[in-house]
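Please read them with the structure open.

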Amino acid sequence: MKPLAGHVAVVAGATRGAGRGIARMLGEAGATVYCSGRSSRREPNTSSHHYAGRPETIEETAELVDAAGGAGIPVRVDHTVDAEVAALFARVQREQKRLDVLVNILTGQPVNSWKRFWQLPLEEGRAFVNGWVWPHVSTCWHAAPLMARRKSGLMVEIIEQEGIGYHGQFFFDLMETSLKRLSYALAQDMVSRGVTALSITPGFMRTEAILEGFGATEATWRDAAENHPEARKWGFISSETPCFVGRAVAALAADPNVQRKTGGVYTSWALSQEYGFTDLDGSRPNMGAYLQEHVPHLVSGKPSTAVEWKLVAV
């Protein structure tokens with residue numbers, strides 16, 4: 001018996017990367033997975049997103065869910081359009097009468113400049129924060145009643161970096177800390193309804209775009225990690241497939257005591273150690289250990305301010 005057989009998940013942003021890996025691994029655990037995104041065989045993504053025009057589609061992801069042992073359902077949704085988000089969850093309620101897992105991997109535009117706050121264009125900063133944060137808020141808002149009604153569920157935000165120290169650029173920091181805080185606020189509001197909300201950061205992932213950028217495939221990534229200058233610089237040798245964080249989400253979704261983790265920020269590698277899952281090749285990548293060994297100033301350097309913000313488990 002698969003641990004998530006009979007469970008229903010929505011992976012918002014399932015076209016590629018972490019979203020695709022998470023959808024696949026929820027399928028591996030037996031779930032029915034609604035795979036949402038803007039890139040479809042029927043209707044391509046014509047937005048200004050930097051990945052618009054890439055070949056991956058939600059239909060491909062759904063097929064991979066099927067192949068892994070679950071049931072994949074592709075749904076073209078622009079999560080910046082509230083009416084489309086509302087229609088997605090109305091469909092889930094109509095067809096399944098339940099929602100057990102929501103995972104948000106909704107991305108906006110990349111950082112274009114690392115200048116100081118006052119040197120950054122204000123309207124561009126506003127658009128950056130809105131484009132990243134509001135789709136997460138809207139998606140969670142429409143999903144929450146389905147879970148609250150059944151007094152169970154797991155809401156996951158996929159974020160970057162487990163800490164809450166400064167992220168290097170004002171609007172990028174505002175966005176990253178907002179997504180972590182969003183998850184914490186959801187945990188506060190939803191705990192009385194039996195719903196768990198938390199955040200997970202993966203390590204350096206071997207996504208389709210990253211592999212392509214390094215001129216590598218999943219079969220040849222180690223050559224790139226050893227010989228490509230940028231890959232070596234950023235520790236690609238410690239990378240993981242998107243399915244590694246996918247197995248982290250599946251393990252949490254199958255844990256009957258997951259609510260003890262509500263409000264927290266977790267890493268794929270720490271969850272691997274706790275739950276015992278591996279990456280597809282049987283390895284247990286640990287980006288945190290790699291950074292601590294090779295670039296400790298990035299993970300343990302002192303801030304320039306008099307006060308340092310940290311997360312503390314209680």
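**Notes on the predicted model**

1. K151 sits in the loop between α4 and β5. This is a predicted model, and the backbone here deserves a look. Phi of K151 is near 60°, a positive value in a residue other than glycine. K151 has a relative accessible area of 53%. The cut-off for exposed is over 50%, so K151 counts as exposed.

2. Q161 also calls for a backbone check. Its place is in the loop between β5 and α5 (170-190). Q161 is not a glycine, yet its phi is positive, at about 75°. The relative accessible area of Q161 is 35%, which makes this residue partly exposed.

3. V156 belongs to strand β5. Is V156 buried or exposed? It is buried, with a relative accessible area of 2%. Leaving out residues up to four places away in sequence, V156 touches L102, V103, N104, L198, I200 and V249. A further pair to check is V156 and T262: they are 106 residues apart along the chain, and their C-alpha atoms are separated by 9.9 Å.

4. Now the largest nonpolar core. It has 35 residues, of which I22, L26, V33 and I200 touch the most other members. The elements giving two or more residues to this core are β1 (8-12), α1 (17-28), β2 (32-37), α2 (58-68), β4 (101-104), β5 (153-158), β6 (195-201) and α9. Which element gives the most? That is α9, with eight residues.

5. Neighbours within four places in sequence are set aside here. I22 is then in contact with V11, V103, I105, I158, P242, V245, G246 and V249. There is also a second, separate core of 25 residues, and V8, I73, L99 and A143 are among its members.

6. The packing of α1 on α9 comes next. Their axes come within 7 Å and cross at roughly 50°. That angle makes α1 oblique to α9. The crossing of α1 past α9 is right-handed. On the α1 side, the contact is made by G17, A18, G21, I22, R24, M25, L26 and E28. On the α9 side, it is made by P242, C243, V245, G246, R247, V249 and A250. By class, the contact of α1 with α9 divides into nine nonpolar, three polar and three charged residues.

7. Helix α9 (residues 242-254) has another partner in helix α10 (residues 268-275). The axes of α9 and α10 come within 9 Å and cross at roughly 50°. Hence α9 is oblique to α10. What is the hand of the crossing where α9 passes α10? It is left-handed. From α9, the residues in contact are F244, V245, A248, A251 and L252. They meet S268, W269, L271, S272 and Y275 in α10. The contact of α9 with α10 has eight nonpolar residues, two polar and no charged ones.

8. The pairing of α3 with α4 should be read separately. The axes of helix α3 (residues 82-96) and α4 come within 9 Å and cross at roughly 20°. The cut-off for roughly parallel is under 35 degrees, so α3 is roughly parallel to α4. α3 passes α4 in a right-handed crossing. D82, V85, A86, F89, V92 and Q93 are the α3 residues in this contact. Their partners in α4 are S138, T139, H142, A143, L146 and R149. By class, the contact of α3 with α4 has six nonpolar, four polar and two charged residues.

9. Last, a tryptophan to inspect. Where does W141 lie? It is in helix α4 (residues 122-150). Its relative accessibility is 62%, so W141 counts as exposed. W141 and A86 are 55 residues apart along the chain, and their C-alpha atoms are separated by 9.2 Å. A86 is also one of the α3 residues that meet α4.

Methods
Residues numbered from 1 in each chain as written. Predicted model: local features only at pLDDT ≥ 70, side-chain atom pairs only at ≥ 80, totals over all residues. Heavy atoms only, no water. Axes fitted to C-alpha atoms, helices over the stretch in contact; angles between N-to-C directions. Helix = DSSP H or I, 4+ residues; strand = E, 2+ residues; numbered from the N terminus. Parallel < 35°, antiparallel > 145°, perpendicular 65-115°, else oblique. Left-handed = near helix turned anticlockwise from the far one by under 90°. Contact = heavy atoms within 4.5 Å. Nonpolar A, V, L, I, M, F, W, Y, C, P; charged D, E, K, R; others polar. Core = buried A, V, L, I, M, F, W, Y, C linked by side-chain atoms within 4.5 Å. Buried < 20%, exposed > 50% of the residue type's maximum accessible area, 1.4 Å probe, protein only.
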